[in-house]
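Hello,

Here is the structure we talked about.

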Amino acid sequence: MTNSDVTVISLVTDKPRDAICQSVVPAVHRSLSHQHLSFQRQPVTRDYIDWIVGDTDTLTLAIDDVGASSVVMVAGRGADASVSATRLANIAADLCRSFEAHSVFWNGSKQPIAAADFLSAGNTLVEASVARTRVVPRKIKATGKLRASQRGKAAQMDSWMMTAVRAQMNGVTLEEIERMELEERRAKTAPMRLSAWAISFTTALIAAPLAIPLIVHNLVRGEDVRSGAMALGVAGLFAVLAQSGMAPSLPELL
């Protein structure tokens, strides 16, 4: 169900609002009964009154006063817009006669319709209004040319990005790579720097020839825990081989 299935009719009368409120509900019930419709009035919880017509259709009525005149608004919504509009027009016609309305506004139009013309129009006004207010959605189709252009732009963007990445990688020299690697391996915090020096001195106790380059590296290029751990591992391996007798000449080197 869409908004185009809603029909709204406003009646303007010179009767006061209080006089209309006393008899409008029986007037609506009479009109629905004359059309041989089953209906059920809903509890009044707001400034308007609702009915359920049939099983799914709805009818709403509201009353307001504008100066010395009163406005009676009736709105109907149903699965079939033509049936709902015809039913609402019959109800509005009965209310026009009951409350002596002099002007009618159909579906929010700014130009009023004289009550006499509305009563004499019959179903002609209903059919014209339903045909005018029905909305037929337009089908949207995506063309192949648009999709092809989007894919081409995406491929061109990927090509530009890969070209920029290759140019950046080709511009990096071996010296820059070595400098970045050393910077990455260099100890940044105080505990890591102390660990690097502790490893260097431990290596010096086991194998001084291995510890001297490590200490020079720590002084010149910064503390390197990874290089110190590798040197300590090599020194420990040499010490184990020397003590086990598998390499008799290692004690002289150490």
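In which hand does H1 pass H2, right or left? The crossing is right-handed. Keep in mind throughout that this is a predicted model.

**Overall picture**

The protein chain has 254 residues, and 29% of them are buried. Its secondary structure consists of 10 helices and 7 strands. The accessible surface is about 16700 Å². Carbon and sulfur atoms hold 59% of that surface. Take the contacts in the chain with a separation of 6 or more: 57% of them link residues 24 or more positions apart.

**H1 and H2**

Two packed helices are described by the angle between their axes and the distance between the axes. Helix H1 covers residues 17–34. Helix H2 covers residues 81–99. Their axes come within 10 Å and cross at roughly 140°. Angles over 145 degrees would count as roughly antiparallel. H1 and H2 are therefore oblique to each other.

The H1 side of the contact includes Ile 20, Val 24, Ala 27 and Val 28. Arg 30 and Leu 32 are also among the H1 residues there. On the H2 side, the residues they meet include Asn 90, Ile 91, Asp 94, Leu 95 and Phe 99.

**H7 and H8**

Next, helix H7 (residues 190–206) and helix H8 (residues 208–221). Their axes come within 7 Å, with a crossing angle of roughly 155°. That makes H7 roughly antiparallel to H8. H7 passes H8 in a left-handed crossing. From H7, the contact residues include Ala 196, Trp 197, Ser 200, Phe 201 and Ala 204. From H8, they include Leu 210, Ala 211, Leu 214, Ile 215 and Leu 219.

**Aromatic pairs**

A search of the whole structure gives 2 aromatic pairs. One of them is Trp 106 with Phe 118. The ring centres are 6.3 Å apart and the planes are at 45°, a tilted arrangement. Trp 106 sits in strand S6 (residues 103–106) and Phe 118 in helix H3 (residues 115–121), so the pair ties together parts that are 12 residues apart in sequence. Both Trp 106 and Phe 118 are buried.

Thr 7 lies in strand S1 (residues 6–13). Its relative accessible area is 4%, so Thr 7 is buried.

Ser 82 is in helix H2. Ser 82 counts as partly exposed, at 34% relative accessibility. Thr 7 and Ser 82 are 75 residues apart along the chain. Their C-alpha atoms are separated by 9.5 Å.

**Two positive phi values**

His 36 is not a glycine, yet its phi is positive, at about 55°. His 36 lies in the loop between H1 and strand S2 (39–41). With a relative accessible area of 74%, His 36 is exposed.

Glu 100 also has a positive phi, near 55°. Glu 100 is in the loop between H2 and S6. Is Glu 100 buried or exposed? Glu 100 is exposed, with a relative accessible area of 58%.

Best wishes

Conventions. Residues numbered from 1 in each chain as written. Predicted model: local features only at pLDDT ≥ 70, side-chain atom pairs only at ≥ 80, totals over all residues. Heavy atoms only, no water. Phe/Tyr/Trp six-rings, centres within 6.5 Å; stacked < 30°, edge-to-face > 60°. Helix = DSSP H or I, 4+ residues; strand = E, 2+ residues; numbered from the N terminus. Buried < 20%, exposed > 50% of the residue type's maximum accessible area, 1.4 Å probe, protein only. Contact = heavy atoms within 4.5 Å. Areas by Shrake-Rupley, 256 points an atom, 1.4 Å probe, with all protein chains shown as cover. Axes fitted to C-alpha atoms, helices over the stretch in contact; angles between N-to-C directions. Parallel < 35°, antiparallel > 145°, perpendicular 65-115°, else oblique. Left-handed = near helix turned anticlockwise from the far one by under 90°.
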